[in-house]
Amino acid sequence: MTAGWAFEAAATHRWLSFLPSSRKGRKFRQVLRRKADMSPVVIGLLLASALAHAVWNAIVRSGQDRFWSLAIICLVGAIAALPFAFGLGLPATASWPYLVLSSVLQIGYSLFLVRAYRDGDLSSVYPIARGSAPLLVTLAAAVVAGELPNTAGLTGIFLVSSGIILLTLGNGRPDGKSAIAAFATGIFIASYMVVDGLGVRLSERATSYAAWQAVVAGVLIPLSYIVIRRRAPGLPRGKEGALVVGAGILGTLGYCIAVWAMSRSTMGGVSAIRETSIVFAALIGTFVLNEKMRWQKFLGVLVVTAGVVCLSAR
């Protein structure tokens, strides 16, 4: 055991000593003591998840009605996940509150994401929202799960924070309201990822939890569309409809991979590797959506990416 892991284990042990000695407390001890498992398979799947996430965000950003696009993406994801959810059965009842809370938090995530994309570019908004998430997930996981960052993790936090500052500077920066909405989006991302990280570890069946999470969130977000717009979202048609349907399948598969990975590894590490989607989003924004890549934005993306890599080295 390295000195870093020894320190983390000792700190986690002290934190766990404050938990009650009840059966529920013992269950949480088992959850919180789970060790990281960043195998090449897990990393490869998370990188595929990152690419899928960047693609569906580009589709939302390029759409004329971004709230409609997001609602249909979630609905398609729910429909696609439903057969797997029934086939895999229900996760353990201890995980149900986490599943519901995560789905509610994703409504807030969706609303702030749509607001951020109203005036902000994909290559500016996306790095702020997604780049802030590993930082926030790492901090939250340290508090609620005892997953303490090592030296590399602390370096990653500094780099991510610096990169986000760079992205808000220069002529290509998003306006103030878009930047605030993007950071608020990052807060919601971190919140639902930590909730899902705890929930999937209590579920006893990670794939079942991931499938049902996709179903519940995929239903609640279109319902929020109905409540806000006072009408049902129209059915997807034409080229835009085909893109949205494809994005729904990609987005659901991508997040299911991330949820499954959090059952095997640290929440901060999973979030960090998944947010390498920042690079994919910057490239898509520049070469597909014809957004300008100024030097501050380019440097900011590189710094955030370097921070993400450091956060994954746990």
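These legends describe close-up views of a predicted model. Local features need pLDDT of at least 70, side-chain atom pairs count only at pLDDT 80 or more, and totals for chains, interfaces and linings use all residues. Residues are numbered from 1 along each chain as its sequence is written, and side-chain values use heavy atoms, with hydrogens and water left out.

**View 1. The salt bridge between D65 and R229.** Side chains of opposite charge can pair when their charged atoms come close. One salt bridge turns up in a search of the whole structure (a side-chain nitrogen of Lys or Arg within 4 Å of a carboxyl oxygen of Asp or Glu). D65 and R229 form the pair, at 3.0 Å from N to O. D65 sits in the loop between α3 (40–62) and α4 (66–88), and R229 in helix α9 (residues 206–229). The two are 164 residues apart, so the pair links distant parts of the chain.

**View 2. Accessibility of D65 and R229.** D65 has a relative accessible area of 25% and is partly exposed. R229 is also partly exposed, at 27%. (Buried means under 20%, exposed over 50%, partly exposed in between, with a 1.4 Å probe and protein chains only.)

**View 3. Lining of the second largest pocket.** This pocket's lining holds 14 residues. F84, A211, T252, L253 and C256 lie nearest the centre. α4, α9 and α10 (238–262) each give two or more residues. The largest share, six residues, comes from α10.

Definitions and conventions: Helix = DSSP H or I, 4+ residues; strand = E, 2+ residues; numbered from the N terminus. 1 Å grid on protein atoms, 1.4 Å probe; cavity = no way out; pocket = protein on both sides within 12 Å on 5 of 7 lines; lining within 4 Å.
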